Amino acid sequence: MAPVIAKPKDDYLLRPDPADPRLTERVAGVDQSGAPIETSVTVERALTIYLNGQEIVTAMTIGDYPEYLALGYLLNQNMLRPDDEVTGVDYDEDLAVAVVRTERATDYEAKLKKKVQTSGCAQGTVFGDLMEVIENAALPAAELRTSWLYALTNKINTTPSLYLEAGAIHGCVLAVEDRPLVYMEDVGRHNAVDKIAGFMFRHGVSPDDKIFYTTGRLTSEMVIKTVRMGIPILVSRSGFTAWGVDLARKAGLTLIGRARGKRFIALSGEERIVFDQDLRYVEEESAKHRRKAAAHDE
C-alpha cells in the first residue's frame, strides 16, 4: 500500500521543508571583512541502494525521501520496470541503506560494469542502454500555455525551500498546467529527478499532461530521464548543453531554458507552446528569488 502523504496547505502534494533540522546545519565563519558570521549549510549523507540482494550504488543525498530516491534511481537506470511489482522498500537510517524488493528476480552484474559518465554532480551516471529511450520515445501531444509557464515559475521561485535557506542544492518540480505538485531538492539534480520518478511510480501518477521543472542545466542526463518518465515538457531556469538539445529534438521533447521573469527560450518541441500571455502583465524576477547563474544568461 502506498504511504499516506500529508498534503501542505497549498497546491503542492509534497514540497521542501526548510525548517527540517536534519537537512541543514549552522556553521560559524567570517565574511569578506573578517567579521564573524553564522550561516546555514546543507547536509549531505551517503545512501546505499540495493535491489533485492544486490548492491547497486552509493549516492550522496540530503537524506529526505530515501524510498522515493531508491525507486526513482532504479527506474531511471532501467533496473526497475514500470510494470514491476514492488513487494517492499525498506530503509535503515542507522545503516544508511535502502532496499527495494521486487517479485521479479533481478541480476544486473553485467550492467553495473557498463556505465556512461554524465555531467550530473554527485555521482550522476546513466547506463549505456538508456540511450535507446531517445530512439523509441513516443511522448504525448501535450500543451504548454505561456500563462501557465509564467504563473508556475513564479510560484516555484517564491516557495520556501532549502535553496533559499542554505543554497548549494538543486530543485526539481512536477507540475500540471500552472500548478506545482511535487517539489524535491537534493545536492545533485539527478537525485531530485529520481525522487520525483519514485513518487510517480509509488502513487501511480500519469506523466501525460505533466511539466517537469528544474533549477539545473538542461543536459543529456536531464533530457534522458525526463523522456524515460514519459513527461513531454522540460523547463529550466538555467541553460542548455548541445547534446541535451539534440536528444530533446530526437525524442520530440519540448525543451525550455533560461525561464526567468518574462523571458524564456525554447529549442525543441515549440509546437506544444501556446502564446496566450500578454508580456506587459508579466513581472521580471525579483532579486530576492534570483538563483545562481542568473546573471550568465542575460
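At what angle do the axes of helix 6 and helix 7 cross, and within what distance do they come? The legends below take this pair first. The model is predicted: local features need pLDDT of at least 70, side-chain atom pairs count only at pLDDT 80 or more, and totals for chains, interfaces and linings use all residues. Residues are numbered from 1 along each chain as its sequence is written, and side-chain values use heavy atoms, with hydrogens and water left out.

**View 1. Packing of helix 6 (residues 189–203) with helix 7.** The two axes cross at roughly 0° and come within 11 Å. Helix 6 is therefore roughly parallel to helix 7 (angles under 35 degrees count as roughly parallel). Axes are lines fitted to C-alpha atoms, for helices over the stretch in contact, and angles run from 0 to 180 degrees between N-to-C directions. Helices are DSSP runs of H or I, at least four residues, and strands are runs of E, at least two, numbered from the N terminus. From helix 6, R189, H190, V193, D194, A197 and M200 meet E221, M222, K225 and M229 of helix 7 (contact means heavy atoms within 4.5 Å). By class, this contact has 5 nonpolar, 1 polar and 4 charged residues. Ala, Val, Leu, Ile, Met, Phe, Trp, Tyr, Cys and Pro count as nonpolar, Asp, Glu, Lys and Arg as charged, and the others, Gly among them, as polar.

**View 2. Packing of helix 7 (residues 220–229) with helix 8 (residues 242–251).** Here the axes are 7 Å apart, at an angle of about 25°, and the two helices are therefore roughly parallel to each other. Helix 7 contributes S220, V223, I224 and V227, and helix 8 contributes W243, G244, L247, A248 and A251. The contact of helix 7 with helix 8 has 7 nonpolar, 2 polar and no charged residues.

View 3. T61 counts as buried because its relative accessibility is 2% (buried means under 20% relative accessible area, with a 1.4 Å probe and protein chains only). Beyond its neighbours within four places in sequence, T61 is in contact with V43, E44, R45, L47, L69, D186, V187, N191 and K195. The C-alpha atoms of T61 and E44 are 5.2 Å apart, although 17 residues separate the two in sequence. The side chains of T61 and D186 are joined by a polar contact of 2.7 Å. A polar contact is a pair of N or O atoms within 3.5 Å; within protein, one must be able to donate a hydrogen and the other to accept it, and residues adjacent in sequence count only if both atoms are side-chain atoms. A polar atom of the T61 side chain also lies 3.2 Å from the backbone nitrogen of G63.

Technical notes:
Buried means under 20% relative accessible area, exposed over 50%, partly exposed in between (1.4 Å probe, protein chains only). Angles under 35 degrees count as roughly parallel, over 145 as roughly antiparallel, 65 to 115 as roughly perpendicular and the rest as oblique.
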